[in-house]
Amino acid sequence: MSQSFKFLLNNSDNNENDDDDDSRTLLNGDSLTNATTINYLRDEGILEGSTVYDGNFQEDYAKVQVNHNRSFSNDQHLKTQLSQMHYNNNRISLNRSIMSGLQILNELKDENSTRPIFYPTNDLSNHLLNSKKAHLALIRKNSIKAFSKEIEQDNDQGDNVNDDDDKEDDIDLKILKLNLRQDSNVELPNLDKSAISQLLNGRFIQVSKHLKSLKERIDDTSSKILVTGDLNSGKSTFCNALLRRKVLPEDQQPCTTVFSEVIDYKENNSIEEVHAVPIESTYNIRNESTYKIFGLKDLEILVGECDKYSILKVYVNDKRSMDQSLLRNGIIDIAIIDAPGLNLDSYQTTELFARQEEIDLVIFVLSAENHFTLSGKEFISAANNEKKLMFFVINRFDNIKDKIKCQNRILDQVQTLSPDTHKDSREFVHFVSSSEIVDGLPEDNSSDTDNNNHNDDDDDDDDNNDGFTTPDFDHLEASLRNFILQKRSLSKLQPAKTYLTKLFSDIESLATINSKLYQNEKLDLETKLNAIQPLYEKKLVESVRLNEKIEKLIESTSNELYQFTKNEILSTLDKIGEHPIVQFDGILNVFQFTVETQDAMAEKIINSVKISEDYAKRVTIEQLNRINKLGEQSLGGAFNNKELVFRDDIMFTRRRDTISRNLNHDISIFDYFDPSIDGFLQFCGLKQDLKISKSSLEVWKNSAYSSVGLFAFSKVLSANRVIKSIFHYGSFFSYNTVKYIAIPISIGATLIGIGYLISDIPFALSRNLSKNYKYQIKELDYPHENANRISKESNKILRYPLKRIQNTYQTLLDEEVSKREKLSNSIIASETSLLFFNKLLKKAVDQKNLVESFDLESINQID
Ligand SMILES: Nc1nc2c(ncn2[C@@H]2O[C@H](COP(=O)(O)OP(=O)(O)OP(=O)(O)O)[C@@H](O)[C@H]2O)c(=O)[nH]1
């Protein structure tokens, strides 16, 4: 016992004399600075002023001023005070945890909407227990469990690599368990991620609602007891036995189909009556339009009118003394709800499931002759989520011959269904005979209007009717009173604590499994990203190298074609003037010869371009194939060049003969003459021109003979002889001789010159024309233009496959980049989720530990 507590007790002892003072008890002491007043309100069952109690017990103990109007002893009083403080302390702490639970659920809902939370679906316990298929589901679940055990055994003999994974998924959620609708033909494992995520969000909303109702329940000063069980198990009889009045109708046939909530008549201005609340109406005692008023004797009919009423509020006067009556216990308001039989029909059963959320204590009534039915088990299983402790009343025990055997059988079943209850079965499992209590009571007629008002508390003790009782029933009542009134902290707050513990435990499980999942996912994604990075870089380097290689190839091809074309044109230009390229048919046809020579020369030049183009075509095709091969080698199947059909026939289709139009073809007389010593000497036969071909000689002869004729030729020959004679007979030279031969020599020389000039016309014209064209063509930059054109066209063609290769590489690189981006984004998302679940895990564990640390029982053990 703490020092403060002793101090309080001492003080209370010292103030024994004040005990008779009903108004208030003041605890004096030096330490009572800043003392505040706390009033105990019997009707509220709380300490006024202590609802905001938020922490330090020891300080607050010293500040307590107690006001009560009951005749408790100081010790009892203090015990009640401490119990109440302890209760409020726990209540406030639970309230805070409920708020944290709501906040966590909201966060989970948001996370689930953004990134669906992983929910383990291989647990067959997800089947709705309260469903038509529940029996089948249970059988399947059990058979699967048995099957899993067999597999586990097999695995134990082999390797156990996946053991951890199996354990991870093998989580048994209690509160966050997903239930499919009863009429649904789909099984949870068959649903896709988004459907499960939606279901989960729905569950978060339901649980949030439940948490709010839990909060309301623990803030509510009254306690609600639900009496439930199978049809005809004697629930109504048991309620009547508790009240020691035949208030609720009993029948051998199932008769209760409407919930009957039995409340102390003081709540209704001390008038005994029934307020029947129509379906869809929300009950408000102050608003008579929300219910219909009946007398207690009408209950016989009303309990069967489930199509009209959702609940019957039954206000009764329990005339027994406060230490015997449950309803009038002098501490808190209690309502006893008699529920329809569990296996009545699905609507009532569902209602019952929903209703159990708003009650504090469940009393499950089982007929001793029967076993727990499936509906009963389903209900207990659902209630277990928050009611760690519930009362089991095994009724009609008088009908049992072998009582020990029956007790053992039922206790065994309780152990499986509610282990915590079984641990303290003496307190929570009772074998009674309600009819034995009720049978001794007179028929109830206290609902007569004459007897309705019992306002005076002082009358209570006079009118009390404690009725017949049995030790078993006595013990049951004592346990009930102890649990509800003395261990109120336990009965009222335990459901919230159990629910919160299970909820935080579920959140912990979900957070753990998701955290592991995202951790693995993150590692997996990072491995993938790391593997992608070098591949990307390799591809990038590959693409750059291939690009460079092909670029070089294209450039060198272009250069080669440029040089080839330029050389071809220039060498053609060089050659075309070397000798006549058309036949010279004499001086008379000189004009025709001129035109033909011009055309032939232009043709030769154009032909040189054509030769270059043909060459360029061949080279381009070769290089094209080479580039395609390089692309295939590097890119494999990804490189698709099938669509690119190369048509060499349309290559260089641009007109090339524009050159003849651009050249100046004007001819002057001088173009026909181009005398030279060599030419003359050759003409004279003094020098052999090795370059002159036979055909040239032919041309030369034709032109000479046709122009000058034989005369000139003979003269030339005689002149030849004269010259030779001069050299031979030098002694005969004299003035007269010279005079005599000068004239004919001059004439001969002239004639020879003329002959030479005429004979040289085709050569001179060719030379002059070629010089002229060469000059013009160079001026027009024709070789460069064509070389440029051809090389550029080839360059352009070769760039198509290069472009294709570049595009293919780009696509591959883009794919890698987008993969990388996707992976990076997924990693960020995984990290975010991982962070979220790690934080959530910490919060859930902290909250779970906190809630588990709430000690709801210790104050009851003080004495
Ligand atoms: N022998 C014996 N009969 C009992 C006992 N308790 C109830 N009965 C009888 O069992 C029958 C059903 O009792 P009820 O109290 O109407 O049962 P119930 O569970 O409220 O029935 P419904 O709610 O209508 O399903 C009545 O005939 C009672 O007399 C008991 O302890 N012993």
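These legends describe close-up views of a predicted model.

The model is predicted, so local features need pLDDT of at least 70 and side-chain atom pairs count only at pLDDT 80 or more, while totals for chains, interfaces and linings use all residues. Residues are numbered from 1 along each chain as its sequence is written, and side-chain values use heavy atoms, with hydrogens and water left out.

**View 1. The shell around the ligand.** The ligand is surrounded by 20 residues, each with a heavy atom within 4 Å of it. Ser236, Thr237, Cys255, Arg396 and Asp398 are the closest. Helices H7 (235-243) and H14 (434-439) each supply at least two shell residues. H7 gives the largest share, three residues. Helices here are DSSP runs (H or I, at least four residues), and strands are runs of E, at least two, all numbered from the N terminus.

**View 2. Polar atoms at the ligand.** A polar side-chain atom of Lys235 lies 2.9 Å from a ligand oxygen atom. A backbone N or O atom of Ser233 lies 3.1 Å from an oxygen atom of the ligand. Ser435 places a polar side-chain atom 3.0 Å from a ligand nitrogen atom. On its own the ligand has 640 Å² of accessible area (Shrake-Rupley method, 1.4 Å probe), and the protein covers 90% of it.

**View 3. Arg244 in its loop.** Arg244 lies between H7 and strand S6 (259-264). Its phi is positive, about 55°. Arg244 is buried (under 20% relative accessible area), at 3%.

**View 4. Arg396 in its loop.** Arg396 sits between strand S12 (391-395) and helix H11 (403-417). Its phi is also positive, near 55°.

Terms used: Polar contact = N/O pair within 3.5 Å; in protein donor to acceptor, adjacent residues only side chain to side chain. Buried < 20%, exposed > 50% of the residue type's maximum accessible area, 1.4 Å probe, protein only.
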